[in-house]
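Thanks, everyone, for making the time. I would like to walk through one structure with you this morning, slowly and with the picture in view.

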Amino acid sequence: MIDPFRLALPFLRLLDAEDAHRATIAGLKLLPARAPQRDDPRLAVSAFGLDFPNPIGLAAGFDKDAEVADAMLGFGFGFVEVGTLTPRPQSGNPRPRAFRLVEDRGVVNRYGFNNAGHGPALARLSRRVPAGLVGVNIGANKEAEDRVADYVAGVRAFAEVAHYFTINVSSPNTPGLRDLQEPGALSDLLARVIAARDAAAVRRPVLLKIAPDLSLQQLDGIVRVARERRVDGMIVSNTTVSRPATLRAAQASEGGGLSGAPLFALSTYMLAQTFLRVERQFPLIGVGGIDSAETALAKIEAGATLVELYSALVYEGPGLVARLKAGLLAALDRERTTLAALVGRKAAATAAREP
């Protein structure tokens, strides 16, 4: 089957990165609704009390306002994460704020949680006929006096339409946001969020998304708090403010978070380190640099029960999802094993290789 979006990629690259993204969203909104093909049952994953048809998810940032979740599920994703959503509309940082690093197959962005607020996204998600799993990534407005209250508001607003929540305290593009990863602040945040979740009519899993730019001592504190507060899972990781020396693109000097292939080694190392500390108390989602079945498999072997991608779509289009699933099935056939048996089997070795 011809992938029209892959054919469109050369034309989209003639546009500014943000304009190309908005054009893609507009095109997806015009597509007729379609249900994804049934996945091979060997790809099914149970995690956080949810049943996923396959482990490949769309990371937050692509569908900021929950406009095209079902269209992306139609391309075969096992789940889609929308957002980041803040209570009030927010324009984000000045443009330009998204940059392709073509030579490096990476992206730098400094969007700053630009979104239309809870209201429009809630209206769209409320109209869905449930046909796939959609998580809601929630954050705080830049000017909020009580940022924790913004997260609580997100849980209350989307409790009946989200299949899970992601608590985003790790974006580098909102000043001071990553301070919420400090143990004292994080413990208070998670306590209030989980209390709001428990008070809702429907109990939704709460996941914590962390930065890759943490020391192992900082990671120790985060995992300790996550375990004490009994989160349902963690997502490792968000974008990085670091810049590998191997980068070649001139746009690498732009400020913001780096994602895509250059993030793979660091994010996978942090995933493995997190897996070893969590001790299978809850599942992990691995994010950062997935652009092939091999990189998806490496995330799983480092400790991920599920994986998410976004930046690779800039270079590969949504047809990548089918290729990833085919590659994972081929790996299972070669080794005569299961996805569950692969989770974390190389975590110790990966954690020993500091990038």
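I will begin with the core, go on to some helix packing, and finish with a few backbone details.

Please keep in mind throughout that what you see is a predicted model.

The largest nonpolar core holds 98 residues, and the members that touch the most others are Met 72, Tyr 151 and Met 234. Helix α11, which covers residues 320-335, gives the most to this core, contributing seven residues. Apart from that core lies another one, made of seven residues, including Phe 99, Leu 101, Val 108 and Leu 258. As general background, nonpolar side chains in soluble globular proteins tend to be buried together.

What does Tyr 151 contact, once its neighbours within four places in sequence are left aside? Its partners are Ile 138, Gly 139, Ala 140, Ile 167, Asn 168, Val 169, Leu 177, Leu 180, Leu 189 and Val 193.

From helix α11 I would also pick out Leu 329, which counts as buried because its relative accessibility is 16%, and the cut-off for buried is under 20%. Not counting residues up to four places away in sequence, Leu 329 touches Asp 40, Arg 42 and Leu 43. Arg 353, on the other hand, is 24 residues from Leu 329 along the chain, and the C-alpha atoms of these two residues are separated by 27 Å.

Now to helix α4, residues 118-127, whose buried residues are His 118, Ala 121 and Leu 125. If you look down the axis of α4, these buried residues fall within an arc of 80°, and so they line one face of the helix. As for what they pack against, the buried residues of α4 meet β4 (79-85), β7 (133-138) and α5 (147-158).

Helix α8 (residues 264-278) and helix α9 (residues 293-302) have axes that come within 8 Å and cross at roughly 25°. That angle makes α8 roughly parallel to α9, because angles under 35 degrees count as roughly parallel. On the α8 side the contact involves Phe 264, Ser 267, Thr 268, Leu 271, Ala 272 and Phe 275, and these meet Thr 295, Ala 298, Lys 299 and Ala 302 in α9. Sorted by class, this contact of α8 with α9 has six nonpolar, three polar and one charged residues.

Finally, the backbone. Which peptide bonds here are cis? One runs from Gly 83 to Thr 84, with omega near 20°, and Thr 84 has its place in strand β4. Another joins Arg 95 and Pro 96, with omega about -5°, and Pro 96 lies in the loop between β4 and β5 (98-101).

There are also two arginines whose phi is positive, a value noted here in residues other than glycine. Arg 280, with phi near 60°, sits in the loop between α8 and β12 (284-287), and its relative accessibility of 56% means that it counts as exposed. Arg 336, with phi near 50°, sits in the loop between α11 and α12 (339-342), and at 79% relative accessibility Arg 336 likewise counts as exposed.

I will stop there and take questions.

Notes. Residues numbered from 1 in each chain as written. Predicted model: local features only at pLDDT ≥ 70, side-chain atom pairs only at ≥ 80, totals over all residues. Heavy atoms only, no water. Core = buried A, V, L, I, M, F, W, Y, C linked by side-chain atoms within 4.5 Å. Buried < 20%, exposed > 50% of the residue type's maximum accessible area, 1.4 Å probe, protein only. Helix = DSSP H or I, 4+ residues; strand = E, 2+ residues; numbered from the N terminus. Contact = heavy atoms within 4.5 Å. Arc of directions from axis to C-beta. Axes fitted to C-alpha atoms, helices over the stretch in contact; angles between N-to-C directions. Parallel < 35°, antiparallel > 145°, perpendicular 65-115°, else oblique. Nonpolar A, V, L, I, M, F, W, Y, C, P; charged D, E, K, R; others polar.
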